[in-house]
Amino acid sequence: IIDNKKVTLTFTDNFPEAILLTLSVSGVEDDAGNAIALEEAQFSYYTVQQYDVLIDEIFADETPVIGLPEAEYLELYNTTSLDIDLAGWKIKDATDSTDAFSTFLLEPNAYVIITDDANISLFTSYGEVIGINNFPSLNNDGDLLSLYNNNYQLIHNVNYSTDWYKDAIKEEGGYSLEMIDTNNPCQGIENWMASDAVIGGTPGTINSVDANNPDEIAPSIISAFPSAEDSLIIYFDEAIELNSVDAADFIVDNGIGIAISAEIENTEPTVIKLFFTNPFSSNILYTVTCSGITDCSGNEVLLNNTAQFGIPETADFDIVINEILFNPVTNGFDYIELYNRSDKFISMSDLSIAEFDLNDTASIDEITQISANAKLFLPGTYVLITENINQIASTYFISNTDNFIENNNTPNYPDDEGIVALLDANGNTIDRLHFYDDWHFALLDDENGVSLERLNYNAATQDINNWHSAAEDKHFGTPGYQNSVFGEIGSGENLINLEYDVFSPDGDAYHDYLIINYNSPAAGYVANVSIFDAQGRKIKELSNNNTISAEGFFTWDGLNEDSDKAKMGIYIVYAELFNLEGTIEKEKLKCTLVRK
């Protein structure tokens, strides 16, 4: 069928982008011979770019009703000075995609509400509405939402969570999430918050939280993970500008060289996959460095432009539970700290944290994979797992949380006793600790917020002597770095040896415990170890007919048998080791207790 009302014109030169042009028409006749006088029409040619249209409001949890309709919606905003036709556009969440939009001209600096086609009438009083089939179910606790144009080009995506509300009451429902500054579309939680509107949201109009909130923070490399012997995945802490990525901007040391190509996933612009000519080798620590990479605000990666990595290996007994907080402050969160005491690079996605049933110690109550993302556990480093990184960082004055992993499924351990275990990908136990609250220092006024720290990585996990309360001077916890009670344990050549002969149990993280190493003549010995004052009076019994291993240690916290502070002065450590054959070994050493 020929449409005599439509004429297609072809020009020699391409139209310039985003320039207002004028078409002049004259002399064209209709079927009756009537000629058109001079007529003009203005138009412009424009290729839609990323961030031209934004998802700037999300209503994911419609109950309880505060004032908005009881139906989910998204709001789109045109950031340009031009009309944009949304025909063929789609919205996708983590699992589903909507049907394509019908023709709709979104005017400059205008808003449109997107909702299920069954809910159009609920929102027409608020502004322009597009009802679509297969509108995604917006998860209350978070979702990845992506907006694509008719050419399946990613225009904007938002990976929201309940933390973005920044309000414990509003995150329970009835309030929308609103973007603060539409000139800053790349940032996540820093540029979003719960609506301040009385009705709970601002569908179809400017956001209630609208304000100037520029992004002045440069992106950083979080980690690097080798996906194959010649490819490397780089993770950034925020979305990067795709057009700023060039494979030649990445280089790896130790003979690997410059990347030859790069792949970027549009739906996840925080991740780059690099390919190299030279393969990676096992047991080598590599460093990748980048330059010239920017976020969409133009901030360039500067200081935090490197990451270390190596070829991952299977974990055996290479990782230990190094610190645990099971009785947090009010409204606080538990945490578990791990330490890699080996020279292996280990994939965190192969590890799980579990809580075992106290009544059936072989049965698991809770279990969670530590990290769904590919992340390496480097040799000689710490990793902390918690439900809320910000709360832990603020409570313990931690400025660098690069080795923290936020996991919403981290087990919540009992305040008095529990069993924590680290498992490999096959469910085998790598390390396990059955802890008790009476392992804490007896004179603590309040155990809330005080972590239990491991004294030494290589001593037995279940040894009560290997666990002590974190020092007060370290705010009662050292998440993510060396423990305040850490000690290098060495048995020495004598029957017993003191790690240091002067100690000061004052909570300043320096020689807070007397460490008594022992070296029994053989396995199967029994130990009696006691502390005597200068007058020869026994004030503390550390071991009473306890079977010991070939070597190990005891600790004294400076308290007597009544859990009172021992006075400053000189004390004698007396040890008696014997076996069933009647062999007896005795030794005594002098130590000094000082206090502030």
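This report describes a strand and its neighbours, a surface patch, aromatic contacts and salt bridges in a predicted model.

Strand β15 covers residues 231–236, and six of its six residues are buried, so the strand is largely enclosed by the rest of the structure. In a regular strand, side chains alternate between the two faces of the sheet. In β15, one direction is taken by S231, I233 and Y235, and the other by L232, I234 and F236. The residues pointing either way are all buried.

β15 pairs with strand β14 (residues 221–228) through six bridges, and the two run antiparallel. Two residues lie between β14 and β15, which form a hairpin. Within this pairing, S223 has Y235 of β15 as its bridge partner. β15 also pairs with strand β19 (residues 271–275), again antiparallel, through five bridges. Here I233 stands opposite K273 of β19. Y235 and I233, named in these two pairings, point the same way from β15.

## Aromatic contacts

Across the whole structure, a search finds 24 aromatic pairs. One of them is formed by F503 and W556, with 5.4 Å between ring centres and 55° between the planes, a tilted arrangement. This pair links distant parts of the chain: F503 belongs to strand β35 (residues 502–503) and W556 to strand β39 (residues 551–556), 53 residues apart. F503 is buried, with a relative accessible area of 0%, and W556 also counts as buried, at 0% relative accessibility.

Elsewhere, F59, Y73, F123 and Y126 are linked into a cluster by ring pairs. A charged side chain also meets an aromatic ring: R432 lies over the face of F356, at 4.3 Å from the ring centre.

## Salt bridges

The search of the whole structure finds seven salt bridges. One of them joins K344 and D318, whose closest N and O atoms are 3.1 Å apart. K344 counts as buried at 18% relative accessibility, and D318 counts as buried at 12%.

A salt bridge also forms between the side chains of K596 and D508, at 3.9 Å from N to O. It connects distant parts of the chain, with K596 in the segment after β41 (584–593) and D508 in the loop between β35 and β36 (514–519), 88 residues apart. K596 counts as exposed, at 75% relative accessibility.

K538 and E541 form a further salt bridge, in which the closest N and O atoms are 3.5 Å apart. K538 is partly exposed, with a relative accessible area of 47%. E541 likewise counts as partly exposed, at 32% relative accessibility.

Technical notes
Residues are numbered from 1 along each chain as its sequence is written. This is a predicted model: local features need pLDDT of at least 70, side-chain atom pairs count only at pLDDT 80 or more; totals for chains, interfaces and linings use all residues. Side-chain values use heavy atoms; hydrogens and water are left out. Buried means under 20% relative accessible area, exposed over 50%, partly exposed in between (1.4 Å probe, protein chains only). Helices (H or I, at least four residues) and strands (E, at least two) are DSSP runs, numbered from the N terminus. Two strands pair if DSSP finds at least two bridges between them. Rings of Phe, Tyr and Trp (its six-membered ring) pair if their centres lie within 6.5 Å; planes under 30 degrees apart count as stacked, over 60 as edge-to-face and the rest as tilted. A charge sits over a ring if NZ of Lys or CZ of Arg is within 6 Å of the ring centre and within 35 degrees of the ring normal. A salt bridge is a side-chain nitrogen of Lys or Arg within 4 Å of a carboxyl oxygen of Asp or Glu.
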